[in-house]
Amino acid sequence: RSVSSKSGSADVLEALGASMASTPMLNAAGYRLRAGADQAVAGHLDATMLAGAVKVEPRRAYRELINAVGGTYRDADQLWQETEFPEQASDVFQAQDGGDRLPRQLGLRFTDETQRAQRLARIQLAQSRQQVRLTWPGNFACIQFERGDLVTVTLAELGFEAKEFWVFHDSLSFEGDGYTLQLIEAASGLFDIDLDQLEAADPAP
């Protein structure tokens, strides 16, 4: 896929990330993108790696919830024209949201098959239900981790035993001995979606 020089770097990175089930993350070396696939655990966090009290957010804000994902992709069989893919929705999620329909649109400029577009939509739908967030005020033992890493957390006071989280933000404190991590709940099998179970494109639309 080509990228126009008129496109800003942020727009290009966002479009690339959407087609990889990823979010661009800036670290010391530059932007980092990790494809939406299961990955090895980068390490483990426990109480010995804390410099303060953990802050827990058990649920996402209402404005962040979604229960239906639709959008467009570039159909290789239609000369890469912008084409809508079948919406992926969850009646269960909608019921959990009080019956409100909360849709989101994806613009998948770097995806050229409808089944892959539907897979990306399902991943985003499932990711929206990984709701637990932690602010982890760590000591310098945590400096080994960076944005995009998958870690496990064991903390008896929260009932966590090797529970998986993604690191989505990190910050170093120069006023103390702290290295704070922002973590969001992960789920094994999130990316295990069989393309053969998704709706194929109409060969004669």
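Modeller: A strand here is a DSSP run of E, at least two residues long, and a helix is a run of H or I with at least four; both are numbered from the N terminus. This is a predicted model, where local features need pLDDT of at least 70, side-chain atom pairs count only at pLDDT 80 or more, and totals for chains, interfaces and linings use all residues. Residues are numbered from 1 along each chain as its sequence is written, and side-chain values use heavy atoms, with hydrogens and water left out.

Biologist: Where is Phe140 placed?

Modeller: Phe140 sits in the loop between strand S8 (133–138) and strand S9 (150–155).

Biologist: Why is Phe140 called partly exposed?

Modeller: Buried means under 20% relative accessible area, exposed means over 50%, and partly exposed is in between (1.4 Å probe, protein chains only). Phe140 has 40% relative accessibility, so it counts as partly exposed.

Biologist: Why does Gly178 count as buried?

Modeller: Its relative accessibility is 14%, so Gly178 counts as buried. Gly178 lies in the loop between strand S10 (160–172) and strand S11 (179–185).

Biologist: What does Gly178 touch?

Modeller: Contact means heavy atoms within 4.5 Å. Leaving aside residues up to four places away in sequence, Gly178 touches Gly138, Phe140, Ser171, Leu172 and Ser173. The C-alpha atoms of Gly178 and Ala51 are separated by 6.4 Å, although these residues are 127 apart along the chain.

Biologist: How do you know that S5 and S6 pair?

Modeller: Two strands pair if DSSP finds at least two bridges between them. Strand S5 (residues 68–75) and S6 have seven bridges, in the antiparallel sense. Asp75 stands opposite Gln81 in S6, and Arg74 has Glu82 as its bridge partner. S5 and S6 form a hairpin with five residues between them, and Leu79 in the turn has a positive phi of about 55°.

Biologist: What joins S5 to S7?

Modeller: Six bridges do, and these strands run parallel. Gly70 stands opposite Gln105 in S7.

Biologist: What is the order of the three strands in the open sheet?

Modeller: The order is S6-S5-S7, with mixed pairing. Strand S6 (81–89) and strand S7 (103–108) each have a single partner strand, so they stand at the edges and one side of each is left without a neighbour in the sheet.

Biologist: Why is S5 described as largely enclosed by the rest of the structure?

Modeller: Seven of its eight residues are buried, so S5 is largely enclosed.
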